[in-house]
Amino acid sequence: QQMEEIQAQIGVSLHLPSILKSVQTLQENGASNVLVTLGSCGSILVKKEQRSILYQPSCNLPSASTVVDETGAGDCYRAGFAVALLEHCKGSIMDGDDVDDAILQQCMKFASSAGALAVTRKGAVPSIPSRREVEDLLLGADSNRNDPVEVGAASTTLEAVPRGGDDNFPFLFGSRINSMKDRLDLVDSSSLPIATPRDYLLRQATIRGLGCVDFNYPQHFGDWTPEEAKQALDEVNLVAGAVCLRYPSKFARGAMIHPDAELRREAIEITKRAAEAARILGCNEVVVWSAYDGYDYSFQVNYQEKWNQIVHAFQECCDAYPDIKWSLEFKPTDENTRFFTVPSTGAAMLLVQQIDRPNMGLTLDMGHMLMAGENPGQSIAMVGEKLFGIQLNDGYTRLAAEDGMMFGSIHPSIALETMYQLSRINFQGHFYFDTFPQRTDPVKEAEYNIRRVKEFWRAVGEMDGEEVERIAREHDAIGALELVNEALRR
């Protein structure tokens, strides 16, 4: 591009010849191609020996967004550029490689989107956008495009789970639909009986702040079809959040790991049909929790064989339905299976790595993490962008006990850090309450959970990001406790 054209685009606030003089100094001292970010004026890439200059305008911010904090925006731009460049070149970038200008321009456009998103949130680390956000902003910035943004080989075309809600809260809330069977003595007689999934749905629709419903498959589809369930959702202004596997008791010896090959095949086909149901319901997430994929005694199973069976089963499902986000929900133990084949977050992440599919991730349940002796905040941080789902609750952390208590009721500091880590990794799913209110009004319990999550989320937003980073950097235990106390007092 001509210098005059670029100068006209960046405006009079920046003097292009002065910038190029600085670039020349870098190149004379060994630099080859130099990328220069210009804030809201865009960016330029000056190629070797200044034989050509590429200019990329800044990306428009998402609708209704404003500049909050510019810290880290340049870092996000450069990281986005590096990711896009490596993916376009299949990771084969070497010193001196001459990359086509058209590819470099696409990389700059991707990077500009990442940088723009970074200024809409406070703090260096919390402002880092997800790949999904970057691609969504690019799609929004080019209204003539209906096809997915192709950044490189690792790009996916998954749709985001619907987000929103009242009070400008950025997430949808869902709650355990089977809890609607509890405390029927509180229900007006005109609404009885409540005995079918349709009845549970209608009762859930009375929960203030609830936005989505997670269905169990095939458990919730004996009396009606996914099409009928979708119609019922539309009638009460709710959406489907996810479809969760609940294998029938015939798989008590295992679902994906059953010793009988025919029953293993049947379990995999049931899992695939759950994806079909998700498509019909209008969601893109299938959560697999098997109450039976494990063992009870030493020497009872071949551990490596069972592991490989799960890997291959998920690979088949991911490949058959690339538009579906598949996630495993691990659990360390329960009365059905004393030892699960995948008993911890670490093991689950190893499984995800071996499955090696972009649409394979994890759903983490707080009660399951506590049962496994884990700190949920640490587990969430470990999983990062592979966290597709989160199930919120609390518990007393007794051995093998899953209490399903209200969120933050027992471990408020853990609840606070859970919200912080979800914000830090830029979680993109919905919040689901997996609680057991057998002796409590399940409608009021869900409403309480919604209020508490919002309180914790707001407390995280008011925390001093620099102080949080200092505490972690210095391993300051007293500072951490005072930070929590101050946040919870607000």
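**Close-up views of a predicted model**

**View 1. A salt bridge joins D319 and R357.** In this predicted model, D319 and R357 make a salt bridge whose closest N and O atoms are 2.7 Å apart. D319 sits in helix α9, while R357 belongs to the loop between α10 (345-355) and β11 (360-365), so the contact ties together parts that are 38 residues apart in sequence. How accessible are the two partners? D319 is partly exposed, with a relative accessible area of 46%. R357 also counts as partly exposed, at 22% relative accessibility; the cut-off for buried is under 20%.

**View 2. E266 pairs with K250 across distant parts of the chain.** Here the closest N and O atoms of the salt bridge are 2.9 Å apart. Follow the chain and you will find E266 in helix α8 (residues 261-281), with K250 in the loop between β6 (239-245) and α8. The two residues are 16 residues apart. E266 has a relative accessibility of 29% and so counts as partly exposed. K250 is partly exposed as well, with a relative accessible area of 44%.

View 3. E455 counts as partly exposed, at 37% relative accessibility.

**View 4. Salt bridges link four residues into a network.** The members to look for are R265, E269, K272 and E316.

**View 5. The largest cavity has a volume of about 130 Å³.** Of the 14 residues in its lining, S290, D293, I310, L328 and V342 are the closest to the centre of the cavity. Which elements give two or more residues to this lining? They are α9 (303-320) and β9 (325-329). Sorted by class, the lining of the largest cavity has 9 nonpolar residues, along with 2 polar and 3 charged ones. The structure has 3 cavities of 30 Å³ or more.

**View 6. The second largest cavity holds about 50 Å³ of space.** Its lining is made by D214, E285, V287, T363, G389, I390, Q391, H430 and Y432. At least two lining residues come from each of β7 (285-288) and β12 (387-392). Which element gives the most to this lining? That is β12, with 3 residues. By class, the lining of the second largest cavity has 3 nonpolar, 4 polar and 2 charged residues.

**View 7. Helix α4 spans 26 Å from end to end.** This helix covers residues 101-118, and its 18 residues should span 26 Å at 1.5 Å a residue. The C-alpha atoms at its ends are 26 Å apart, so the model agrees with that expectation. Which residues of α4 are buried? They are L104, C107, M108, F110, A111, S112, S113, A114, G115, A116, L117 and A118.

Conventions: Residues are numbered from 1 along each chain as its sequence is written. This is a predicted model: local features need pLDDT of at least 70, side-chain atom pairs count only at pLDDT 80 or more; totals for chains, interfaces and linings use all residues. Side-chain values use heavy atoms; hydrogens and water are left out. On a 1 Å grid over the protein atoms alone, a cavity is a set of points where a 1.4 Å probe fits but cannot get out, and a pocket is an open set with protein on both sides within 12 Å along at least five of seven lines; lining residues have an atom within 4 Å of a point. Grid points are joined across faces, edges and corners, and a volume is the space filled by probe spheres set on the points. Helices (H or I, at least four residues) and strands (E, at least two) are DSSP runs, numbered from the N terminus. Ala, Val, Leu, Ile, Met, Phe, Trp, Tyr, Cys and Pro count as nonpolar, Asp, Glu, Lys and Arg as charged, and the others, Gly among them, as polar. A salt bridge is a side-chain nitrogen of Lys or Arg within 4 Å of a carboxyl oxygen of Asp or Glu. Buried means under 20% relative accessible area, exposed over 50%, partly exposed in between (1.4 Å probe, protein chains only). The expected span of a helix is 1.5 Å times one less than its number of residues.
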